[in-house]
Amino acid sequence: MPDMRYAAGMDGGGTKTVLEARAPDGRVLLRERFGPLNLNSAAAQAVRETMQGCTDALARLPGGLEACAALCVGSAGVSNPQARALLEQMLRRCGYRGALLLTGDQETALAGALGAPCGMVLIAGTGSICFGRDAAGKTARSGGYGHKIDDEGSGYALGRDALAAVVRAQDGRGPRTLLTDLVFAQLKVVDVGGLVQFTYDPQTDKKQIAALAPLVARAYEAGDEAAKTVVEKACRELALLVEPRSAYGGRGAGADGQHSAAGQSGARGYGGAASDAISGHAAGGTQKRRRRRRSASGAGNIEYRKRRK
C-alpha cells in the first residue's frame, strides 16, 4: 500500500499565503496561494479564511488532512504571543491534528532562499526584516516590528512615502512629481483631499498602501526627483537592516558565505538600487544571491528535513 503521508509548509504575511505539500521523497504534491496570515495587520476573519482554505486544500490530497504528518507555518507577526496562540487555535479548529511548528516567515524565507539552515536573508515585501543564523544555530534579526513603528524599506514604506511626496508637492515643501498623477489615477481621486480621505479611511489597510510601491519605481525610472528621494531613503534603511546582521552572511560566521535578498515589494526598478546599497554594508567574504527558491518551499523544506531525521 503506498505511503500517503506528506509534510506541508505555509508561508504567509500581510498580503498573501502560499501553501506547499511534499511527499516523503521530496516531490511537490500541492502548491496554492491564499490570503493574508499576519494577525498583526490583517482582520481575524481574513486569516480564518486563509487557514480554512489551506486545510481544505490539504484535505483534497490523497489520504486527506489526516495524512499530513507535519506542518510548518511561517508567518509574519508570530513574535506577538497572542497572534501566535490564535493562529494555532484557528488551525486546530480547521481540523488539523498533526505535528505543528509555528515560526517567523524570516525562518522559512532563509530555508527557501538558500536551501540551507545557515546564512542571512533580507526580506522586503509588504514589511521588512533581516534575519541570520550561523552554523552553531545562533540567530539574530533586525527590524520586522510592523508598519506602525518599523518596516522601513518595505513596500508599505514606499507607498507611504509616495503619499507623503504628493502632499509635500501640493503645498510646496517638495518638488513637483510624477507621483501625483500616478497616485491619483490608481486611487481614483482628483485632489489631495481625496488622497487624505483614502489614507485615513478605517477600511484602508497596509496592503493598499503597499500597492502604491510600483508607482514609485515607475517615477524613479523616469528620473523623477521626489521618487528618487523615496527610493534612496528606502535603500539606506534596507542597508541599515543588513549592517548589524552581515556577519551571518560571511564565511567567518560559519555560515555558507551567502545572503539572499528576497524582495516582494513589486517595485522592480527599486531592486537594483537597493541591491547596490546593501552590497556596501555586507560583510567581507559575503556573496550576494537573489532568492532561488520560494519561502513556502522553505517551510516545506524545514518539515521535510525534520521528517527525514
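Eleven salt bridges are present in the structure, which is a predicted model. One of them joins the side chains of Arg133 and Glu107, with a nitrogen-to-oxygen distance of 2.2 Å. This pair links distant parts of the chain, since Arg133 belongs to strand 7 (residues 128–133) and Glu107 to helix 3 (residues 105–114), 26 residues apart. Arg133 has a relative accessible area of 16% and is therefore buried. Glu107, at 19% relative accessibility, likewise counts as buried, because the cut-off for burial is under 20%.

A further salt bridge is formed between Asp161 and Arg160, whose closest N and O atoms are 3.1 Å apart. Asp161 is buried, as its relative accessibility is 13%, whereas Arg160, at 24%, counts as partly exposed. Both residues take part in a network of salt bridges that also includes Glu152 and Lys233. Asp171 and Arg173 also meet through their side chains in a salt bridge, at 3.1 Å from N to O. In this pair, Asp171 is partly exposed with a relative accessibility of 48%, while Arg173 reaches 52% and is exposed.

In soluble globular proteins, nonpolar side chains tend to be buried together. The largest nonpolar core in the model comprises 29 residues, and Leu19 and Leu58 have the most contacts inside it. Two or more residues are contributed to this core by each of strand 1 (6–12), strand 2, strand 3, helix 1 (44–59), strand 4 (68–75) and helix 2 (81–93). Helix 1 supplies the largest share, namely five residues. When neighbours within four places in sequence are left aside, the contacts of Leu19 include Ala8, Gly9 and Met10, as well as Leu30, Phe34, Cys54, Ala57 and Leu58. Arg31 and Glu32 are also among the residues in contact with Leu19.

Strand 2 (residues 17–22) and strand 3 (residues 28–34) run antiparallel and are joined by six bridges. Within this pairing, Arg22 has Val28 of strand 3 as its bridge partner. The two strands form a hairpin with five residues between them. Gly26 lies in the turn of this hairpin and has a positive phi of about 95 degrees.

Helix 9 extends over residues 225–242 and contains 18 residues. The N-terminal end of helix 9 is capped by Asp224, a side-chain oxygen of which lies 3.2 Å from the backbone nitrogen of Ala226. Ala226 is itself buried, as are Ala227, Val230, Val231 and Ala234 in helix 9. Further along the helix, Cys235, Leu238, Ala239, Leu241 and Val242 are buried as well.

Helix 6 (residues 192–200) contains Gly193. This glycine has a relative accessibility of 45% and so counts as partly exposed. Gly193 and Val167 are separated by 26 residues in sequence, and their C-alpha atoms are 9.6 Å apart in space.

Notes:
Residues are numbered from 1 along each chain as its sequence is written. This is a predicted model: local features need pLDDT of at least 70, side-chain atom pairs count only at pLDDT 80 or more; totals for chains, interfaces and linings use all residues. Side-chain values use heavy atoms; hydrogens and water are left out. Helices (H or I, at least four residues) and strands (E, at least two) are DSSP runs, numbered from the N terminus. The expected span of a helix is 1.5 Å times one less than its number of residues. Buried means under 20% relative accessible area, exposed over 50%, partly exposed in between (1.4 Å probe, protein chains only). A polar contact is a pair of N or O atoms within 3.5 Å; within protein, one must be able to donate a hydrogen and the other to accept it, and residues adjacent in sequence count only if both atoms are side-chain atoms. A salt bridge is a side-chain nitrogen of Lys or Arg within 4 Å of a carboxyl oxygen of Asp or Glu. Two strands pair if DSSP finds at least two bridges between them. A nonpolar core is a set of buried Ala, Val, Leu, Ile, Met, Phe, Trp, Tyr and Cys residues joined through side-chain atoms within 4.5 Å. Contact means heavy atoms within 4.5 Å.
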